[in-house]
Amino acid sequence: MATPDAPSHEEPAGLALGRLGAGSVAFFGMAAAAPIATVVIVIPPVLAAGAGPLAALSVVAVAVVLVLFGTPYAAMIRRAPSAGGVYPQLARGLGRPAALTGAWLALAGYHAIQFGLYALTAQAAAPLLLGWFGVTAPWWAVAAGCWAVVTLVGTVRIEVAAVVITILTVAEAAVLAGLAAANVVRPSGGRIETGTYWLGDLARIDRPLLGLLLAVAVLSFAGFETISTYAEESRDPRRTAGRAARLAVPAIALLLAGVTWSLIVAAGPRGVAGRAANRGPELLFALADERLAGWAVTIGRVMLFTGLLAAILAVHHAIARYLFALGRERVLPAVLGNVSERTRAPRAAALTQSLIAGAALLGAAVAGAEASARTARWLTVGGSLAVLVLLLLTAVAALLHLNRAPGGEGAWTRFFAPLLSTVSLGVLVYLAGLNLPALLDVRSGSPWVTVVAAALAACPVIGLGHALVLRATHPVRYAAIGLGGAVLVVTPQRITPEKAPAAAPAPARGENPWSWDTPPDASKDDIDDKSDKKTEPAPDEAQPAKIPQQRAPGAHRPERVQPEVNADS
């Protein structure tokens with residue numbers, strides 16, 4: 001018997017299938033990580049603190065941790081490819097409340113990162129507007145222009161958006177590589193000193209600085225994990241996203257570590273701290289201006305702006321797909337699960353995300369807020385911390401699920417890789433919390449530390465509260481969390497024990513699960529003879545309707561889930 005909140009018997013309209021390859025998905029992840037933004041706003045303060053070559057080495061160390069994480073991450077994607085990213089993975093490994101907690105962490109984190117990127121666009125556009133047109137535009141005007149572009153591209157076919165993202169990301173990487181090559185070709189003092197890559201006495205390394213470096217490095221990769229949100233639209237939903245993650249992480253690491261090392265080479269190991277402290281976000285362009293023509297520096301500034309735009313686009317698409325997945329399962333309003341009939345893009349979710357971003361930008365402009373590199377740092381670091389916690393939860397979920405329900409993976413994929421990544425990510429979360437004031441570049445008692453910590457703590461509270469409300473008011477929706485919306489839930493009628501018939505055997509896979517009253521070996525003539533008989537059984541001989549055998553009984557669980565029914569309907 002159908003219930004008001006039961007999913008439809010028909011398979012819901014989904015996203016476009018088979019439109020993205022591993023390369024395109026990898027560029028989405030690289031764009032979301034925004035490597036050029038990391039080089040401009042994150043690396044200079046680290047170098048100013050005296051990190052030296054440790055800054056580049058910490059990026060490589062974190063990349064190793066994320067490669068470890070990528071193994072169970074790819075295995076979980078193979079089992080549950082979904083536009084919801086890690087949301088269904090958490091449902092399988094840690095349960096439905098953890099899945100909703102992860103969903104709220106993802107939505108809050110990616111929105112904060114996006115708002116920080118919007119704040120940076122004004123800083124990136126200011127030198128260009130002043131040099132080309134001699135004007136100084138307010139930050140909200142630049143952000144509004146970027147918002148209009150993102151809103152437009154966010155509703156087009158995914159392959160069109162992939163082409164735009166790919167072009168912008170390739171151009172960004174090429175310019176960064178060119179600037180790094182110029183720094184290496186013309187090093188400080190005419191030669192590359194050993195201090196640019198040799199650590200010297202390891203005992204003299206400042207341990208708090210090392211913890212800060214590892215925390216900064218892992219936050220620099222935030223965004224690559226959005227790769228899993230494109231699994232349903234890839235050519236091989238179970239493998240493309242995993243391959244893309246293995247491509248994106250080394251590419252981001254090579255780019256960030258290489259450019260960071262080139263900055264040390266260009267400024268000199270003894271002078272880089274002072275130059276970074278004086279120039280701040282302008283360090284990259286100041287060093288380029290000493291070695292290249294003015295037009296080359298201008299191209300670098302253009303790539304900073306377009307790289308930020310690509311990052312906003314990538315984050316926008318990831319948020320839209322999270323909203324689509326939650327709407328498809330009716331965890332959030334069902335309208336978010338609608339797709340465009342022509343483009344198969346999650347138009348309702350994309351427009352909703354644009355409205356949220358537009359309302360936030362408008363509110364900030366009306367309130368008189370100022371967009372600066374420091375504001376962008378607060379927002380992006382806070383959002384990246386939420387993503388880091390999300391990665392830790394995903395690693396734990398993979399460790400539990402892959403061992404609780406083995407599916408052919410080896411011991412490395414099923415146990416050792418998720419265990420090592422869980423421990424490593426746990427250490428990084430601890431280091432990030434320990435160095436939160438330094439990450440935000442504020443004093444220990446700053447209100448921003450309290451705001452960020454409170455926002456992170458609020459996500460589990462909201463997620464658990466959301467789960468409790470759904471379980472109490474819509475148990476069928478709660479039971480379908482993480483199943484992608486393509487399930488059919490049948491709720492049997494209550495039957496008293498004295499009248500309950502013997503449980504009917506579950507139908508074999510491929511048979512019609514609704515024909516419990518028809519023996520599997522019954523011929524068509526037998527069925528026709530029975531249908532011709534109009535005699536009704538006596539009241540005292542009436543038998544209650546048979547129900548399917550329960551898999552997992554419980555007030556909050558579906559009594560029978562038949563995915564094959566939707567496939568046949």
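This is a predicted model: local features need pLDDT of at least 70, side-chain atom pairs count only at pLDDT 80 or more; totals for chains, interfaces and linings use all residues.
Okay, let's start at Arg-246, which sits in helix H10; helices here are DSSP runs of H or I, at least four residues long, numbered from the N terminus. Residues are numbered from 1 along each chain as its sequence is written, and side-chain values use heavy atoms, with hydrogens and water left out.

Back to Arg-246. With 43% relative accessibility, this arginine counts as partly exposed. On our scale, buried is under 20% relative accessible area, exposed is over 50%, and partly exposed is in between, with a 1.4 Å probe and protein chains only. Arg-246 also belongs to a positive surface patch, together with Arg-238, Arg-239 and Arg-243. For a patch, residues need over 30% relative accessible area and no salt bridge, and like charges are joined within 9 Å. Lys and Arg are the ones counted as positive, and the place of an Arg charge is taken as CZ.

Now, the salt bridges. By salt bridge I mean a side-chain nitrogen of Lys or Arg within 4 Å of a carboxyl oxygen of Asp or Glu. How many salt bridges does that rule give? The count comes to 9.

Take Arg-270 and Glu-193, whose side chains meet at 3.0 Å, N to O. This pair links distant parts of the chain, 77 residues apart: Arg-270 is in the loop between helix H10 (240–267) and helix H11 (272–279), and Glu-193 is in the loop between helix H8 (158–185) and helix H9 (207–220).

Next up, Glu-282 and Arg-301, with their closest N and O atoms 2.6 Å apart. Glu-282 is in the loop between H11 and helix H12 (283–289) and Arg-301 is in helix H13 (residues 294–328), so this bridge ties together parts 19 residues apart in sequence. Glu-282 is partly exposed at 28%, and Arg-301 is buried at 18%.

Within it, Glu-159 bridges to Arg-157, the closest N and O atoms being 2.8 Å apart. Both count as partly exposed, Glu-159 at 23% and Arg-157 at 30%.

That's my tour, thanks!

Methods
Helices (H or I, at least four residues) and strands (E, at least two) are DSSP runs, numbered from the N terminus. Patches are made of residues with over 30% relative accessible area and no salt bridge: like charges are joined within 9 Å, nonpolar side chains (Val, Leu, Ile, Met, Phe, Trp, Tyr) within 5 Å. Accessible areas come from the Shrake-Rupley method with a 1.4 Å probe; for residues, only the protein chains shown count as cover.
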